[in-house]
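Welcome! Here is a short briefing to read alongside the sequence and the 3D view.

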Amino acid sequence: MRVRSWAPWVALLVVALGLAYWLGATTPGAAVRTPGARLGPEAGQSVRVYRDAAAKSLAAAPAGERRWALISPVAEWRADEVWPRLGGVDGLDRVGRVLLRVPIPGVQTPTVTVPTGQSAEGVAAAGELAALAVPDLVAPGARGEAIARVSASRLRAGRPAVVGVVVRGTGEALRAVAGGPGVRSVQVLPGDTGRYALAPLLPSFTDRAAPGPDDRPVPRT
């Protein structure tokens with residue numbers, strides 16, 4: 001009985017992760033890289049320049065037309081916060097992907113991008129799906145294994161780790177989201193395309209979109 005009860009959930013996780021890999025979504029950074037279409041800052045880009053450009057893209061988004069956009073939080077959100085924040089916004093049709101990264105000072109942890117599906121339960125499960133993908137995204141060796149272990153543990157525990165959410169909605173809806181609490185930036189693609197490069201604006205990026213130091217011990221938990 002136990003095997004039968006778990007089997008559908010295991011199958012669901014396998015299918016979800018298979019879809020994520022098919023989309024290229026569980027690699028750090030971009031899902032599908034198409035020149036000229038990008039959500040998130042370029043490597044090394046000034047945060048101020050990126051946020052100014054994002055604000056202009058948001059202001060230019062047509063009120064009644066739907067576009068893909070990247071929502072970047074001021075600080076990491078919990079996965080179970082995403083749907084309550086965004087699921088009820090009129091004109092916001094889809095939560096496409098959730099970007100997660102466990103913040104550990106002085107330790108470089110991987111960013112995982114998860115396609116979540118259109119339900120509160122699916123979005124809340126993003127941490128569990130990300131935890132399954134993390135071991136394949138770290139460098140080989142003892143340090144990488146330790147980073148994967150603590151990242152997966154914190155993701156499964158529901159610790160704040162959401163560093164970006166890709167959504168599709170009208171310009172009016174996206175501007176409403178941008179005015180909500182805890183939102184640092186909303187960048188909108190200029191055209192109605194589903195093919196774009198993707199990278200997070202991490203909360204830790206204050207001057208430039210560049211990796212921080214990786215020189216501290218990895219915590220045990």
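Of the 221 residues in the chain, 47% count as buried, where buried means under 20% relative accessible area with a 1.4 Å probe, protein chains only. This is a predicted model, in which local features need pLDDT of at least 70, side-chain atom pairs count only at pLDDT 80 or more, and totals for chains, interfaces and linings use all residues. Residues are numbered from 1 along each chain as its sequence is written, and side-chain values use heavy atoms, leaving out hydrogens and water.

**Overall fold**
- The chain has seven helices and seven strands, taken from DSSP runs (helices: H or I, at least four residues; strands: E, at least two) and numbered from the N terminus.
- Along the sequence, they follow the pattern α-β-α-β-α-β-β-α-α-α-β-α-β-β.

**Nonpolar cores**
- A nonpolar core is a set of buried Ala, Val, Leu, Ile, Met, Phe, Trp, Tyr and Cys residues joined through side-chain atoms within 4.5 Å.
- The largest one holds 43 residues, and L100, V165 and V167 touch the most other members.
- Helix α6 (residues 142–156) gives the most to this core, with six residues.
- Another core, of 17 residues, lies apart from it and includes Y50, V163, V166 and L198.

**A look at V167**
- You can find V167 in strand β5 (residues 162–170), buried with a relative accessible area of 0%.
- V167 and L86 are 81 residues apart in sequence and 9.0 Å apart in space, C-alpha to C-alpha.

Key: Buried means under 20% relative accessible area, exposed over 50%, partly exposed in between (1.4 Å probe, protein chains only).
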